[in-house]
Amino acid sequence: MKRAFLVVIDSVGIGGAPDADQFFNGSVPDTGANTVAHIADGCAALSRGPLRLPVMDALGLGRAVTLASGATAPGLDAEPTGAWGAATEVSRGKDTPSGHWELSGVPVPWDWHYFPDTQPAFPDDLTVKICQAAGTGGILGNRHASGTQVIEEEAARHIQTGWPIVYTSADSVLQIAAHEEHFGLDRLLKLCADLAPTLHAMRIGRVIARPFVGSVEDGFKRTPRRRDFAIAPPSPTICDDVQAAGKPVHAIGKIGDIFSMRGIDDVRKGADRDLMGHLGDLVDTAADGAFVFANFVEFDSEYGHRRDIPGYAGHLEWFDAALGDLLPRLRDGDLLIVTADHGNDPSWVGTDHTRERVPVLVHGMGPRALGLINFVDVAATVADHLGVTHSGKGKSFL
């Protein structure tokens, strides 16, 4: 019996999306965005030294960057010992559900709804529903905003009034931030859960609970108890396929939220360093036939959206070293795929995701150039490896 590990390093794009000119940060198209190459360029120009990712580069990361975009990433020039390629997305979104669903074999079959970049951003009838669900006389925010910035700007009023902080972005999303003590974590989660059906009916992809703690005197900080309430995928995913075959499906990070817990047996959460511990535990203990699906979100949430090149580089180097510790612990017959769901170039304008191809780096099938492939091919490959019937789209590259 074989096992499969699918690891999504959230937002680690490699440029070259053929339709990048149709996606924007503000008024600037995403043409030319390249998360990995531009981080490598930025590191080469900084006193910190070059970007060092020996494990992923040995799997083929540098080659994948060049294949996807024609760019050369300084310091990523190893001869691959793994299988490597670059995947292209077809769903009309550069967001978490679109990327993950398509990686699981299900391209998004509809156009997402987005809130306009105006003040207020939300229609009056929706604002009334939020207030009714929250039991408050109003909401704060009601605009496109950076999550950390809107908390900094509105937290004091939030504590004074008890009103939730509600905001959105260029993604199809409604986010609600609230203080864990003054508003209450359980109350925040219930508010988001109660509103989710209304937002999903509007084709808003996610309602996200963003709890935070702190004070005016000491500052405010988001906690890792975020929860996403996402639309359920419109058809069976690789998770459903594996579970239907009687094999265990383990989720790490926000995978359970993204797939509305469908086709998933258990979830392990925490900050990225905690998640790496969970992944290592499953490498050591998961049963034969298991599918482990992991998402490491802090590349995106902590560094990409904040346009923090050194921070993003440091997190990549941490992940690369941790991956190097994991690979020797894999069993014969295991397949491990490292990929991403979209880009978030920290050198780019704005604060939103960038439309990019993503790397597909594979341990467990020997050195091979996979070429330009599709997101859905990842799911087909996992199904092929585990010997289960795949109900979604895609073609196995085994």
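# Salt bridges, a sheet and a buried aspartate

Guide: A search of the whole structure finds 23 salt bridges. This is a predicted model, in which local features need pLDDT of at least 70 and side-chain atom pairs pLDDT 80 or more, while totals for chains, interfaces and linings use all residues. Residues are numbered from 1 along each chain as its sequence is written, and side-chain values use heavy atoms, with hydrogens and water left out.

Visitor: Why is the pair of glutamate 317 and arginine 48 called a salt bridge?

Guide: The term requires a side-chain nitrogen of Lys or Arg within 4 Å of a carboxyl oxygen of Asp or Glu. The N to O distance between the side chains of glutamate 317 and arginine 48 is 2.7 Å, so the pair qualifies. Glutamate 317 is in helix H12 (residues 309-326) and arginine 48 in the loop between H1 and helix H2 (54-59), 269 residues apart. Helices (H or I, at least four residues) and strands (E, at least two) are DSSP runs, numbered from the N terminus.

Visitor: What makes glutamate 317 partly exposed?

Guide: Buried means under 20% relative accessible area and exposed over 50%, with partly exposed in between (1.4 Å probe, protein chains only). Glutamate 317 has 21%, so partly exposed is its class. Arginine 48, at 34%, also counts as partly exposed.

Visitor: Where in the chain do arginine 225 and glutamate 180 lie?

Guide: Their side chains meet in a salt bridge of 2.8 Å, N to O. Arginine 225 is in the loop between strand E9 (219-222) and strand E10 (227-230), and glutamate 180 in helix H7 (residues 180-201), 45 residues apart. Arginine 225 is partly exposed at 41%, whereas glutamate 180, at 16%, counts as buried.

Visitor: Why is it said that aspartate 257 and lysine 269 tie parts of the chain together?

Guide: The closest N and O atoms of this salt bridge, between aspartate 257 and lysine 269, are 2.9 Å apart. Aspartate 257 lies in helix H9 (residues 255-258) and lysine 269 in the loop between E12 and helix H10 (272-285), so the joined parts are 12 residues apart in sequence. Aspartate 257 has 8% relative accessible area and is buried; lysine 269 has 37% and is partly exposed.

Visitor: Which residues are linked in a network of salt bridges?

Guide: Asp19, Glu89, Arg92 and Arg355 are linked in this way.

Visitor: What makes aspartate 30 buried?

Guide: Its relative accessibility is 0%, so aspartate 30 falls in the buried class. Aspartate 30 lies in the loop between strand E3 (28-29) and helix H1 (35-45). Not counting residues up to four places away in sequence, aspartate 30 touches, among others, Phe23, Trp348, His353 and Arg355, where contact means heavy atoms within 4.5 Å.

Visitor: What is the order of the strands in the open sheet?

Guide: The 8 strands run E12-E11-E13-E1-E14-E15-E4-E16, with mixed pairing. E12 (266-268) and E16 (368-374) each have a single partner strand, so they stand at the edges with one side left without a neighbour in the sheet.

Visitor: How do you know that E1 and E14 pair?

Guide: Pairing requires at least two bridges found by DSSP. E1 (residues 4-9) and E14 (residues 335-339) share 5 bridges in the parallel sense, so they pair. In E14, isoleucine 337 is the bridge partner of leucine 6.
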